[in-house]
Amino acid sequence: MRSLSRQTLLGGTTLAIIVAAIVLHLRGGPATTRFVIIHSDDAGMCHAVNRATIDSMQRGIVSSTSIMTCCEGFDEFAEFAKAHPEFDYGVHLTLTCESPSLDWGPITPMAKVPSLVDARGRFWRRESDVAAHVKAEEVDRELRAQIDRALEAGVPISHLDNHMWTLLTRPDLIAIYVQLSLDYDLPIRYRKVEKLPLDQRGAFAGNLLVAYAEEGRRLQQHNMPMFDFVESNNYDVPPTEKRNYFLQALRDLPPGVSEILVHCAYDLEGEGQAPHVERRAMDAAFFQSAEAADTIRRYGIKIIDWKEFRDMKQRGELPDEA
């Protein structure tokens, strides 16, 4: 670095610029720094998911998780979360029950949310069923109950996200999702619309993309952080291909703040099975491995959690804001 004269340093404005430049240099600069939240969905689903999620945070590099407060494993995971506030937790807002071996449904009395359930009295199986059947006011009522349950249990909550992307299937559900963020003052999983590739924009049928962009502007107006990139396609990758997939995903992370969504579970004898447990077990194995941690270090990627993400946004320290 070129030496600076005493006269140059006397200028307060100039000094501030120099300090900012040094900070950017140490961070890698706004155009090159890569931050990532490694996030495991579906905590609370069952004991096998809870155990793998906890291990992946304590022994591995998973930096965040979100909890399904309507499932059988919620109480177990809530106890862990209360005892370990050093980790990062969200509420995994849930309107679907896709599992063939586990059942869950609304926390709210069924008479108050009849549109949310199928003939079994459980949540609908598919996102398309949710979009076709649910009433917005009942969705809002149930999701607030799910958040409140976590708060009442003493879980330190940093964010909200949604199970199987069901809240992105209709404009009114997107609006509910964003309003929950604002009402509870919690960031949500949301990607900057200008960073969406064309194929993902095309997945928003009809006026969904317009609604998504409009609601994103509401988040921006309230200084809520949004992601540059979210990697969620790994769920359908066969177990034997998971390792190579994740190594490539880490190598290809773009500058800015990304989230890698994984789903950790163990195949425990005698326990209820999470959907696609073989894939989930490989997620847990990879993100508990030394190879994953070494890869992160080698590529200079900085792991953060949602609390840090929010703090960086509020301080104006995100890469595209520096």
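## Burial and overall make-up

A residue counts as buried when its relative accessible area is under 20%, as exposed when that area is over 50%, and as partly exposed in between. Tyr177, with a relative accessible area of 0%, is therefore buried. The structure discussed here is a predicted model.

The protein has 13 helices and seven strands. Of its 322 residues, 51% are buried. Among contacts between residues at least 6 apart in sequence, 74% join residues at least 24 apart.

## Helix 3 and helix 4

Two packed helices are described by the angle between their axes and the distance between the axes. For helix 3 (residues 47-58) and helix 4 (residues 74-83), the angle is about 20° and the axes are 9 Å apart. Angles under 35 degrees count as roughly parallel, so helix 3 is roughly parallel to helix 4. The crossing of these two helices is right-handed.

On the helix 3 side, the contact is made by His47, Asn50, Thr53, Ile54, Met57 and Gln58, which meet Glu76, Phe77 and Phe80 of helix 4. Sorted by type, the residues of this contact are four nonpolar, four polar and one charged.

Helix 3 also holds Asp55. With 5% relative accessibility, Asp55 counts as buried. Once neighbours within four places in sequence are left aside, Asp55 is in contact with Gly60, Tyr266 and Gln288.

## Helix 10 and helix 12

Helix 10 (residues 242-251) and helix 12 (residues 290-298) have axes that come within 10 Å and cross at roughly 15°. Helix 10 and helix 12 are therefore roughly parallel to each other. Their crossing is right-handed.

Arg243, Leu247 and Leu250 are the residues of helix 10 that meet helix 12, where their partners are Glu291, Thr295 and Ile296.

## Aromatic pairs

A pair of aromatic rings is described by the distance of the centres and the angle of the planes. Over the whole structure, a search finds twelve aromatic pairs. One of these is formed by Phe80 and Phe87, whose ring centres are 6.0 Å apart and whose planes lie at 20°, so the pair is stacked. Both Phe80 and Phe87 are buried. Ring pairs also link Phe80 and Phe87 with Phe77 and Tyr89 into a cluster.

Tyr177 and Tyr190 form a tilted pair, because their ring centres are 6.4 Å apart and their planes are at 35°. Tyr177 lies in helix 7 (residues 171-184) and Tyr190 in the loop between helix 7 and helix 8 (198-202), so the pair ties together parts that are 13 residues apart in sequence. Tyr190 has 1% relative accessibility and so counts as buried, as does Tyr177 at 0%.

## Ala175 in helix 7

Helix 7 also contains Ala175. At 24% relative accessibility, Ala175 counts as partly exposed, whereas Tyr177 is buried.

Not counting residues up to four places away in sequence, Ala175 touches Glu215 and Arg218. The C-alpha atoms of Ala175 and Tyr212 are separated by 8.4 Å, and these two residues are 37 residues apart along the chain.

## Positive phi in two loops

Asn223 is a residue other than glycine with a positive phi, near 60°. Asn223 lies in the loop between helix 9 (208-221) and strand 5 (229-231). With a relative accessible area of 32%, Asn223 is partly exposed.

His276, also a residue other than glycine, has a positive phi near 50°. The loop that holds His276 runs between strand 6 (256-262) and helix 11 (277-287). His276 has 40% relative accessibility and so counts as partly exposed.

Methods. Residues are numbered from 1 along each chain as its sequence is written. This is a predicted model: local features need pLDDT of at least 70, side-chain atom pairs count only at pLDDT 80 or more; totals for chains, interfaces and linings use all residues. Side-chain values use heavy atoms; hydrogens and water are left out. Axes are lines fitted to C-alpha atoms, for helices over the stretch in contact, and angles run from 0 to 180 degrees between N-to-C directions. Helices (H or I, at least four residues) and strands (E, at least two) are DSSP runs, numbered from the N terminus. Angles under 35 degrees count as roughly parallel, over 145 as roughly antiparallel, 65 to 115 as roughly perpendicular and the rest as oblique. A crossing is left-handed if the near helix is turned anticlockwise from the far one by less than a right angle, and right-handed if clockwise. Contact means heavy atoms within 4.5 Å. Rings of Phe, Tyr and Trp (its six-membered ring) pair if their centres lie within 6.5 Å; planes under 30 degrees apart count as stacked, over 60 as edge-to-face and the rest as tilted. Buried means under 20% relative accessible area, exposed over 50%, partly exposed in between (1.4 Å probe, protein chains only). Ala, Val, Leu, Ile, Met, Phe, Trp, Tyr, Cys and Pro count as nonpolar, Asp, Glu, Lys and Arg as charged, and the others, Gly among them, as polar.
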